[in-house]
Amino acid sequence: MSSDATESSLQSPVVECDTASSSDESSVTKSVEKTARDQFYTGIKITDQQKSWEATCQICKSKVRGTVGVTSNYNRHIKDCHPNYYESWQEQLQAIGLRNQKKITETMDVRKPKSSSGSIYSATHPRQVELQKSIVEDLIIELGLPLSLVEREGFNNFMLHVDSKFSTISRRTLSRSILPNLYTKMLDGLKRFCSKATFISMTLDL
Ligand SMILES: [Zn+2]
């Protein structure tokens with residue numbers, strides 16, 4: 001709604017202008033934004049004591065909500081409900097070359113060989129294992145940082161300074177193998193511990 005208002009207020013003074021200047025203007029208003037949020041939403045606000053956000057889809061006017069710091073819902077709604085808009089937006093982004101900057105995985109692929117000049121640790125290298133273990137146990141589990149951390153540019157920059165041969169972990173590996181493996185290991189340990197017990201005293205809070 002608000003963007004309609006600004007567009008019309010922009011154009012109203014130049015209604016009598018020639019076509020050349022108005023075509024200039026339309027190219028300005030049709031600028032391609034780098035994020036789905038900026039491209040497709042209005043009325044973005046933080047609700048629920050800074051924990052959630054809410055925004056209005058400019059296409060269907062429905063409300064989209066999500067957790068603060070997590071923006072995937074912006075993309076998901078457009079992708080699911082307005083695939084045509086989503087695709088043309090992605091094409092436009094690609095055309096201007098912004099997409100390369102946006103795609104974190106691509107940035108990392110480019111970064112790896114450049115920074116470490118070809119030599120990075122193998123998955124089983126002790127140093128790689130040590131650093132990976134520390135990221136998972138100290139940052140993800142102990143500090144409770146989000147899994148997306150490992151794909152953030154700042155974090156990978158930091159790791160580059162810590163050890164330029166460190167091979168970045170993908171969020172997929174983290175959620176599909178590293179964490180489930182840790183969970184199974186922990187569960188087995190607990191089972192072994194419990195099986196050795198002679199007595200078990202339990203307290204249930206009802
Ligand atoms: Zn919509």
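Helices and strands are taken here as DSSP runs, with helices of at least four residues and strands of at least two, numbered from the N terminus. In these terms, the elements of the chain run α-α-α-β-β-β-α-α-α-α-α-α-α from the N terminus on. That gives 10 helices and three strands. The model is predicted. Of the 206 residues in the chain, 22% count as buried. Among contacts with a separation of 6 or more, 43% join residues 24 or more positions apart.

The zinc site comes next. Four side chains coordinate the zinc ion: C57 and C60 through SG, and H77 and H82 through NE2. The distances are 2.0 to 2.3 Å. Angles among the four donor atoms run from 105 to 115 degrees, and the site is tetrahedral. Ideal angles for four tetrahedral donors are 109.5 degrees. Along the chain, the donors follow the spacing C-x2-C-x16-H-x4-H. The pair C57 and H82 links distant parts of the chain, 25 residues apart. C57 belongs to strand β2 (residues 52–57), while H82 sits in the loop between α4 (72–81) and α5 (83–96). Both residues fall under the 20% limit for burial. C57 is buried because its relative accessible area is 0%. H82 has a relative accessible area of 10%, so H82 is buried as well.

Helix α4 carries the buried residues Y74, H77 and I78. Seen down the axis of α4, these buried residues fall within an arc of 90 degrees, so they line one face of the helix. An α-helix has 3.6 residues a turn, so residues three or four places apart point the same way. The cover over the buried residues of α4 includes α3 (36–40), β1 (41–47), β2, β3 (63–67) and α5.

Strand β3 contains V64. V64 counts as buried because its relative accessibility is 6%. Neighbours within four places in sequence aside, V64 is in contact with Y41, W53, E54, A55, N73 and H77. V64 and R76 are 12 residues apart along the chain, and their C-alpha atoms are separated by 9.8 Å.

Several loop residues were examined. Q50 is placed in the loop between β1 and β2. Its phi is near 70 degrees, a positive value in a residue other than glycine. Most residues other than glycine have a negative phi. Q50 counts as exposed because its relative accessibility is 63%. K61 lies in the loop between β2 and β3. Phi of K61 is also positive, near 65 degrees, and K61 is likewise a residue other than glycine. At 44% relative accessibility, K61 counts as partly exposed. G69 is found in the loop between β3 and α4. G69 is exposed, with a relative accessible area of 73%. From C-alpha to C-alpha, G69 and S52 are 8.6 Å apart in space, and 17 residues apart in sequence.

Helix α5 contains Q92. Q92 is partly exposed, with a relative accessible area of 34%. S31 is 61 residues from Q92 along the chain. The C-alpha atoms of Q92 and S31 are separated by 9.7 Å.

The later helices were treated in turn. Two packed helices are described by the angle between their axes and the distance between the axes. The axes of helix α8 (residues 126–142) and helix α10 (residues 171–195) come within 12 Å. They cross at roughly 85 degrees. Angles of 65 to 115 degrees count as roughly perpendicular. The helices α8 and α10 are therefore roughly perpendicular to each other. On the α8 side, the meeting residues are Q132, V136, E137, I140 and I141. On the α10 side, they are L174, I178, L179 and L182. Helix α9 (residues 153–162) has the buried residues F155, N156 and M159. Seen down the axis of α9, these fall within an arc of 95 degrees, so they line one face of the helix.

Conventions. Residues numbered from 1 in each chain as written. Predicted model: local features only at pLDDT ≥ 70, side-chain atom pairs only at ≥ 80, totals over all residues. Heavy atoms only, no water. Donors = N, O, S within 2.8 Å, 3.2 Å for Na, K, Ca; no water. Tetrahedral: all angles 85-135°; square planar, octahedral: opposite > 155°, others 65-115°. Buried < 20%, exposed > 50% of the residue type's maximum accessible area, 1.4 Å probe, protein only. Arc of directions from axis to C-beta. Axes fitted to C-alpha atoms, helices over the stretch in contact; angles between N-to-C directions. Parallel < 35°, antiparallel > 145°, perpendicular 65-115°, else oblique. Contact = heavy atoms within 4.5 Å.
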